[in-house]
Every structure is written in C-alpha cells, then in structure tokens.
Amino acid sequence: MSAIQRWHRAVDIRSLLVFRIGLGLYLCYDVVSRLWPARSSIAWYIADNNALLEESDSPHGNVIHKLWFARTSMEFQVFLFIATFLSSFFLLVMGKLSDRPIFSLILWILVVSMQHRCMHVHDGSDNFTRQLLLWWILLPNSVHEKLRNIEEWLKISTKKKSPLSSSTNYNNRISNLATTGMLLQISLMYLGTVSKRTIDTGFRGEWLPPFHAVWYVIRDSFAIRETFLLDYLRSLDVRWTQAMTIHAMLAESSAIVWFFVPASSSLRWYGFFILFTLHLGLLLVTRLPNWQCIGMIASVLWIPTSSWNKLWPLRDVLGVRKKTDSAIPDTDELEEIATSTGTNDGLISTNASKISIKGNNGIVRSVLTWFFFSYMLYNFAGERKWIRKHDGGDIGEFFRISQFWVMYATPPKVSTLTTIVGYNANKEDETTKDETIGTNEMWVDVMKGLKRNEWKWQRFNDDTTSLATFISPRWERALSQWGSSHPEKRRARNLLKGLCENWIPTNISKLELTWSHYRIVSPNTRDRKQGKQRWIPLDKSIIHVNCN
C-alpha cells in the first residue's frame with residue numbers, strides 16, 4: 001500500500017447506500033420545493049411575459065454560463081425541471097441507467113443548471129449539495145455497480161463452512177480518493193464556517209465570548225419558525241442561549257476531528273450523532289430545510305462499521321437465512337474464491353485476513369478525481385487567504401464549486417420583516433360591512449394568496465406588520481436580501497410588476513412591498529429593563545406599483 005493510500009479515509013458501504021438514497025430523495029424534494037406551493041414560483045426561472053425578473057438580471061457573464069443557466073420560456077423550464085426530477089429519481093432507485101457515466105454527467109449538468117438559473121433564491125446549501133453530488137459521481141464505477149447489486153457485491157464474504165457469530169467483525173469499508181474527498185469536503189464546510197466566525201472577524205463577534213449569537217438568531221424574523229418551542233427558548237435565561245452558542249461552535253469545529261478518525265473506530269458514531277442532532281435541532285426552529293436536510297444526510301457518512309453491524313448486520317443485507325450458512329473466509333480462501341469466480345478485478349485486496357473494497361478507477365475518472373481533490377484544497381486555502389489564488393477562483397467559479405462557507409457568520413442585530421400587500425380602494429368586504437365603516441380601502445396578504453390561493457380582504461387599519469407568511473424559504477431569502485441596508489428597489493419593483501400582470505387577481509389595483517426594520521433587543525442589562533421585548537421598531541422601506 002502506497003503512502004497516499006494510507007491516508008485515504010474509508011466509508012462503510014451501508015453509509016454510502018443510505019447516503020445515496022438520502023441524496024436522491026433530497027434532490028427530488030429540491031425540485032418540487034422550487035415550484036411549490038405557489039404556481040408563481042416558476043416565474044423566477046423564466047424570461048417571457050410571465051417572468052418576475054428582468055432577462056438581463058443575472059450575474060453570469062461567461063458565455064457558457066449564459067447558455068447553461070439561461071432563463072427561457074415557461075414550457076422549456078417545465079421540461080428542465082421534469083428532466084431534473086426524473087434524473088434525481090433514477091439516482092434514488094439506482095437502476096442500471098444510473099451506473100452509466102453519461103447519466104452522471106447529465107444529472108450534474110441539470111442540477112447545477114437548476115441551482116443557477118436564478119441566483120436570488122440560491123443559498124449555501126446548493127453549493128454544498130453539488131459538491132457532495134460531485135464526489136458521489138467520482139466514486140469508482142465499480143462501487144456504483146456493486147451498490148446497485150449489494151447482495152452480489154457482498155456474496156464473496158460468505159461461504160458455507162462454519163457458524164456465523166453475532167460478534168463477527170465485518171470489514172466492509174470503501175477507501176479511495178473519492179471517499180476521502182467526500183469526507184474532507186464535509187469537514188471543510190464546517191471548518192470554513194467556523195473560520196469565517198473567528199479568524200476572519202479578528203476573533204471578535206457574537207460567536208465568541210460572551211457567546212450571544214443564538215440569542216440574536218432566535219429573535220430575528222428571517223427563516224424562523226414561530227412555534228411554541230421557539231417562544232420557550234426566547235423565554236430562557238441568557239445563560240441557556242450562551243450554552244447553545246458554545247455547543248454549536250464545538251459541534252461544527254469537531255467535524256475536522258472526525259475526518260481523522262478511522263471508519264473502524266466506534267468513536268465515529270459521535271461524529272454522526274453530534275452533527276445529525278445539530279441540524280435536526282436547527283430544522284425544528286428555523287425555516288432552512290435545505291441546509292438542515294443535506295446536513296443530516298451528509299452526517300450519515302460518519303457512521304462507523306461497528307455501529308452498522310449492530311444496527312444493520314450484514315446477514316440482513318445478504319439475506320442469509322441460517323447462521324450455519326456463512327462465515328468470513330480467511331485470506332487464502334478469499335483469494336481462491338476471487339480467482340475461481342473471476343471476480344478479482346481490482347475490487348478486492350487482502351491484508352491480515354481483512355476484506356477491503358477498493359475502486360478500480362478509469363483513467364478519466366482518476367484524473368478528474370485528483371484534479372477536483374487538489375483544487376478543493378487549493379480553493380479552500382485561497383478563500384481563507386492562506387495563499388494567493390492565481391486564478392482568482394475562476395476555475396471554481398466555472399464549475400460552481402466555491403469553498404466560501406458562511407452560516408450566520410454575523411448574527412443579525414437588525415431584523416427585517418417583509419410584507420407584500422395588495423390594495424383596492426373600492427373593495428367592500430361584506431364580512432366587515434356595518435353602518436359605521438362604510439366603504440374602506442381594503443388590503444389582502446399577497447404572499448398568503450399566492451401560497452394558499454386565499455385572497456381574503458381585510459380592513460386597512462389592521463396591523464400589517466404582524467404578517468409572517470412566506471411562500472417558501474427561497475422566496476424569503478430573495479426578498480430579505482433585497483431589503484438589506486440598501487434596498488434593491490429596481491428588482492423589487494420588477495417583481496411587483498410581474499405579479500400584477502400575471503399572478504394575482506385582477507381586482508387588486510395596487511401592490512405594496514414593505515421592509516420593516518427592527519433592532520433586536522440585546523441581552524445587556526439596559527435593554528432588558530425595557531421589558532421582554534423581542535425588538536424595537538426602527539424604520540421602513542416601502543415600494544408600491546399600480547396594477548391598473
């Protein structure tokens with residue numbers, strides 16, 4: 001074994017199998033979530049009369065990117081979404097088609113295209129997903145084939161000879177450069193996030209002492225689930241949110257440690273448990289399902305062989321009916337089986353009576369694996385400014401594999417609540433009609449209408465700032481970004497015009513988008529004397545468009 005191979009990190013085959021199922025399910029969900037629940041969601045991706053954005057509103061200047069990420073007609077976009085969903089579904093079921101290199105290439109092209117046709121709804125989870133998909137594709141072709149036929153792949157480890165003990169120490173791990181790159185990418189994502197909060201801030205900020213990051217995050221309006229659980233967390237003493245901040249930093253910092261723990265060690269189970277529960281907890285309190293779901297799926301790769309042998313013994317995988325029907329052969333028997341059956345194709349090597357599975361890469365796949373592995377390290381070091389990138393990140397930008405990782409790098413001190421309200425000065429709601437009210441200017445929550453097709457008119461003097469309806473997390477991200485310290489009024493105005501022309505009832509005469517800004521109450525003594533306020537009103541930015 002070469003010195004390089006000794007540094008390869010292994011993954012249990014069952015972890016890869018569950019990861020593949022989770023990745024396929026997630027990609028199918030991602031396609032659906034971009035188009036549901038509102039029919040108008042597809043308008044982010046089109047460039048015809050139904051569009052919500054200007055055709056030129058794109059950051060992609062490269063000629064290939066302009067074609068690859070082009071927003072086109074609604075019919076063609078529907079075709080692309082269907083093709084992406086079907087390709088993701090084939091990855092999920094892993095039929096023979098999914099083993100072919102051409103399928104992997106098509107899936108990659110479609111997924112990256114879907115993520116970049118509209119950058120306003122793009123976030124870091126998309127970058128993380130396509131990085132993991134890339135490393136999945138770069139796994140040796142033999143691994144993909146054997147995963148699809150896992151019973152056939154593992155049958156060489158059974159032979160009718162002696163009883164199969166429940167304590168048998170199965171070694172069923174895959175170790176190659178692609179698995180190493182996959183695990184290292186997960187670790188670098190967390191390491192980059194922690195570095196962004198510490199080194200890049202000069203070791204200042206709310207993630208470090210006095211550890212108030214979680215205090216501000218759960219009081220923000222962006223991507224927060226307004227539930228009883230969150231109300232309870234806000235009511236806790238500041239020491240609890242400090243403890244949660246410390247826990248989050250330690251959990252994310254631990255990822256690089258698990259990379260160096262071998263797959264044979266039971267300690268890896270703690271890597272899975274710590275990272276999985278971190279994302280599960282965030283899923284319960286935030287509206288960031290993409291980040292949390294792909295984070296939980298990736299954490300499965302840390303489950304060690306010893307844990308899998310307890311959770312999912314190989315006899316269950318192999319379909320073994322009787323204990324006396326199988327046993328792990330010794331080295332000589334394994335070599336004899338491989339020679340007599342013609343299966344010794346580079347997949348099997350024996351050392352000290354252990355079975356290890358190694359990939360037989362093709363030349364092209366091997367070159368690509370080495371290239372992306374080297375560039376991943378180079379790009380990460382350049383992003384951290386440890387080295388100077390001679391290309392300025394152009395290669396990574398072309399393939400869309402950035403190593404810029406940030407999750408709540410700077411906890412918000414100011415919260416922005418976004419609302420879109422429709423008005424009709426001549427609308428009279430019969431449910432509010434009485435002798436004293438007469439005909440009033442009425443308003444309707446447009447985002448609720450688009451999401452649920454509920455266009456309920458309400459009195460003008462109701463508190464519109466209490467609205468918290470968002471069509472989807474991706475809509476919320478785009479609109480919240482536009483309402484930052486320098487509101488992007490041109491984009492917002494185009495959005496309102498697009499809604500007016502194609503996606504809302506014709507009896508709405510005017511649309512108004514409001515960004516209401518609030519200062520989040522800090523945990524210091526002076527602010528807390530003002531009562532248990534969540535935030536203090538600051539100002540508003542308002543844009544309106546006449547529809548008729």
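**A helix contact and its surroundings**

Modeller: Helix H9 (residues 177-197) and helix H12 (residues 238-253) have axes that come within 8 Å and cross at roughly 135°. H9 is therefore oblique to H12 (angles under 35 degrees count as roughly parallel, over 145 as roughly antiparallel, 65 to 115 as roughly perpendicular and the rest as oblique). Tyr 190, Thr 193, Val 194 and Arg 197 of H9 make the contact with Met 249, Glu 252 and Ser 253 of H12; contact means heavy atoms within 4.5 Å. By class, the contact has 3 nonpolar, 2 polar and 2 charged residues (Ala, Val, Leu, Ile, Met, Phe, Trp, Tyr, Cys and Pro count as nonpolar, Asp, Glu, Lys and Arg as charged, and the others, Gly among them, as polar).

This is a predicted model, in which local features need pLDDT of at least 70 and side-chain atom pairs count only at pLDDT 80 or more, while totals for chains, interfaces and linings use all residues. Residues are numbered from 1 along each chain as its sequence is written, and side-chain values use heavy atoms, with hydrogens and water left out. Helices (H or I, at least four residues) and strands (E, at least two) are DSSP runs, numbered from the N terminus. Axes are lines fitted to C-alpha atoms, for helices over the stretch in contact, and angles run from 0 to 180 degrees between N-to-C directions.

The loop between H9 and helix H10 (213-217) holds Pro 210. Pro 209 and Pro 210 are joined by a cis peptide bond, with omega about 15°. Phe 211 lies in the loop between H9 and H10 too, and its phi is near 60°, a positive value in a residue other than glycine.

Pro 37 is in the loop between H2 and helix H3 (63-68). Trp 36 is also one of the residues that line the second largest cavity, with Arg 34, Trp 44 and Arg 474 among the others. A cavity is a set of points on a 1 Å grid over the protein atoms alone where a 1.4 Å probe fits but cannot get out, and lining residues have an atom within 4 Å of a point. This cavity has a volume of about 50 Å³, the space filled by probe spheres set on the points, which are joined across faces, edges and corners. Helix H2 (13-35) and helix H22 (473-482) each give its lining at least two residues.

Elsewhere, an open sheet of 5 strands runs in the order S7-S6-S5-S8-S9, with antiparallel pairing; two strands pair if DSSP finds at least two bridges between them. Strand S7 (458-459) and strand S9 (535-546) are at the edges with a single partner strand each, so one side of each has no neighbour in the sheet.

Key. On a 1 Å grid over the protein atoms alone, a cavity is a set of points where a 1.4 Å probe fits but cannot get out, and a pocket is an open set with protein on both sides within 12 Å along at least five of seven lines; lining residues have an atom within 4 Å of a point.
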